[in-house]
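Please look through the sequence and the structure shown here before reading the report that follows.

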Amino acid sequence: MDKEIKVEVIRKEPVKPSTPTPNHLRSYRFSLLDQILPVYHTPVVLFYSSSNPSTDEPHTIASQTSQLLRKSLSQTLTKFPQIAGRIRENLSVECNDEGADFIETRINIPLSKILKKPDPETIKLLSPKSNATKYEVATACMLAIQVNFFECGGIAIGVCLSHKLADASTISTFINSWAETTSESGNEFEISQLDALSLFPPHDSLASRPSPYEAVIEESAVTRLVFYASRIAALKSKVAGAIVKNPTRVEAVIALIWKCAMEAKRSSSGRDHHCSSVMYEAVNIRKRLVPNLPEKSIGNLVWSYTVKIEPENEIELQGLVSLHRKAIGEFTESCEERLTWEATCRHTSEMNDFIKSGDIEIYMSSSWCRFPFYEANFGWGKPLWVCMGSVPTKNVVVLIDTKDGDGIEAWLALSAEEMTFVERNQELLAFASLNPSAI
């Protein structure tokens, strides 16, 4: 019988910046995009084979590694004073050096057991739990770290960083900066503390107003789909058409998953009348603004565009890819205009109207592909695997690269009933593997 996983917490303590934040940096004002995004901590888990492959006593190695990580985290927080602070209403972060939560655990099973058969519910245990899932909880730390030591010497580092401060690109930048500090590689990891206030001025009316994205958080079933490079090539060939002759791998994968999710909704609803379907797709705007922003710009530099399917429309892959291509093209052409106060109000008002209507199924997608999570080397090699710690919301799909950089892992959250239809969808399974081994 398989041993039940047990997570033993060895320590939980705050880690504060190694040097005090200067007075002129003690307040970090939110941009408009920060204000609109939810008080939700985005979880990611990085798995490593061992911090020290020697024959030393495992608990001694774990203790030494934990001490090293706490020290380097303290040093890294001096570069990110807002991450060590606390939210004050929906206007700013007080950079008061209260620090990040650091949790150290021992796991009673070998790392290989997790990697050979990844289970979303088990992976949740490796990521720190945050209390800041509601707007009202404004005193929670911005960053929580959980370092898990397995009985074999393997390590899983769970990182939860508040979406009020960081998009996926910023999370990747922070993790890589921490890794460089830990490894003492001598490489200077440059970041860009962008003045987002001048680009996206905040609005005082949002000081006490919850994010429109909060309303869609629901319990869901989560599955992991892996699209290997050869299967992506076949999928791209299938979805290519007269309008989009060379679809990207993300366009192809998102179109297939959305198609299968809509079909599952229609199959499970039991209704003759099918509802409309809307996809909000997150966009990294760093390279879409003119002039472009630095790749390692810190903050929330992400917005979304909308694709809508009416119930009478036939759901077919080439058409979905064409709609996505058209929508992202229109977004790019008018990116700056869409990020004004008036335009963001229209965008969020539209979302609220969709939610309240009850007759529109809303999906959200985000691609973490090409963000260098797999470059995070703390001194004991690059990650064996990087994954989402959890997916908090129904009807969400998050894409992340496979380790080789050519494939895609999709983490999909739907209602439990709809998920049963998706996991049996033969068109999907022709291109995706359902939760295969991560090694």
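## Basis of the description

Contact here means heavy atoms within 4.5 Å. This is a predicted model, in which local features need pLDDT of at least 70 and side-chain atom pairs count only at pLDDT 80 or more, while totals for chains, interfaces and linings use all residues. Residues are numbered from 1 along each chain as its sequence is written, and side-chain values use heavy atoms, with hydrogens and water left out.

## Helix H8 and Lys259

Lys259 lies in helix H8, which covers residues 249-269 (helices are DSSP runs of H or I with at least four residues, strands are runs of E with at least two, and both are numbered from the N terminus). Lys259 is buried, at 9% relative accessible area (buried means under 20%, exposed over 50% and partly exposed in between, with a 1.4 Å probe and protein chains only). Leaving aside residues up to four places away in sequence, Lys259 touches Ile315, Glu316, Leu317, Leu320 and Glu427.

Of the 21 residues of H8, 17 are buried, so this helix is largely enclosed by the rest of the structure. Just after H8 comes Gly270, with a positive phi of about 70°.

## The open sheet

An open sheet with mixed pairing is formed by 7 strands in the order E11-E10-E12-E14-E15-E9-E16 (two strands pair if DSSP finds at least two bridges between them). Strands E11 (302-309) and E16 (433-434) stand at the edges with a single partner strand each, so one side of each has no neighbour in the sheet.

Strand E10 (residues 276-284) pairs with strand E12 (residues 360-367) in the parallel sense over 6 bridges, and Glu281 has Ser365 in E12 as its bridge partner.
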